[in-house]
Amino acid sequence: MSSHWIDPSTCRSLAVLVESVIGPMLMQHSSPVCLDLDIDLQIEVPGDATATVELIRALTRQSLEEMPEGGDLTVTVCETAGTIDLEMADTGCDIEHRIQRIPMTAAVIGAQVSWQNCPQGGAAVTVSFPIRTESLRKVA
């Protein structure tokens, strides 16, 4: 089985890329995880698609490790002044009780990674991608 449903090099929509990477991982997880995506289909992949896939895969793997009995994974994306922020929040343990690993691919694509506890429990990781000039246009 492919590790994702699409060819990342041809994908322009960040929402489609995220879903195609996370979907197969959730199907292979030992317990059910509910995925909630809140990503505008018009937001483009903010950098190298292959590196972005690796970053999403690594962070999803970390979230799934924190939810061996299942849970909820929420992915949201918003554009701010100069960045595209992707947040992955899970219902695993809080950040004080987990290893926070920054994937090397974050440095490769110039993304900043930060963690915080979620008010309802669990933790969230936020990846801030710098907006490239060519990313300012929306997916047609």
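Analyst: What follows starts with the helix pair and then moves to the sheet and a salt bridge.

The model is predicted. Helix H1 covers residues 14-28 and helix H2 covers residues 49-65. Their axes are 10 Å apart and the two pack at an angle of about 40°. The crossing of H1 and H2 is right-handed.

On the H1 side, the residues in contact are Leu14, Leu17, Val18, Val21, Ile22, Met25 and Leu26. On the H2 side they are Ala49, Thr52, Val53, Ile56, Arg57, Thr60, Arg61 and Leu64. Sorted by class, the contact of H1 with H2 has 11 nonpolar residues, together with 2 polar and 2 charged ones.

Next comes the sheet. It is open, has 5 strands in the order S1-S2-S3-S5-S4, and its pairing is mixed. Strand S1 (33-38) and strand S4 (112-117) are the edge strands, each pairing on one side only. From one strand to the next the twist averages 15°.

Within this sheet, strand S2 (residues 71-80) and strand S3 (residues 83-90) run antiparallel and are joined by 8 bridges. In that pair, threonine 74 stands opposite alanine 89 in S3. S4 and S5 also pair in the antiparallel sense, over 6 bridges, and glutamine 116 stands opposite alanine 124 in S5. S4 and S5 form a hairpin with 5 residues between them. Glycine 121, in the turn of this hairpin, has a positive phi of about 110°.

H1 lies across S1, S2 and S3, and runs at about 175° to S1. H2 packs on the sheet as well, touching S1, S2, S3, S4 and strand S5 (123-130). The direction of H2 makes about 170° with that of S5.

Side chains of opposite charge can pair when their charged atoms come close. The structure holds 4 salt bridges. In one of them, the side chains of glutamate 44 and arginine 12 meet at 2.9 Å, N to O. Glutamate 44 lies in the loop between S1 and H2, and arginine 12 lies in the segment before H1, so the pair ties together parts that are 32 residues apart in sequence.

Terms used: Residues are numbered from 1 along each chain as its sequence is written. This is a predicted model: local features need pLDDT of at least 70, side-chain atom pairs count only at pLDDT 80 or more; totals for chains, interfaces and linings use all residues. Side-chain values use heavy atoms; hydrogens and water are left out. Axes are lines fitted to C-alpha atoms, for helices over the stretch in contact, and angles run from 0 to 180 degrees between N-to-C directions. Helices (H or I, at least four residues) and strands (E, at least two) are DSSP runs, numbered from the N terminus. A crossing is left-handed if the near helix is turned anticlockwise from the far one by less than a right angle, and right-handed if clockwise. Contact means heavy atoms within 4.5 Å. Ala, Val, Leu, Ile, Met, Phe, Trp, Tyr, Cys and Pro count as nonpolar, Asp, Glu, Lys and Arg as charged, and the others, Gly among them, as polar. Two strands pair if DSSP finds at least two bridges between them.
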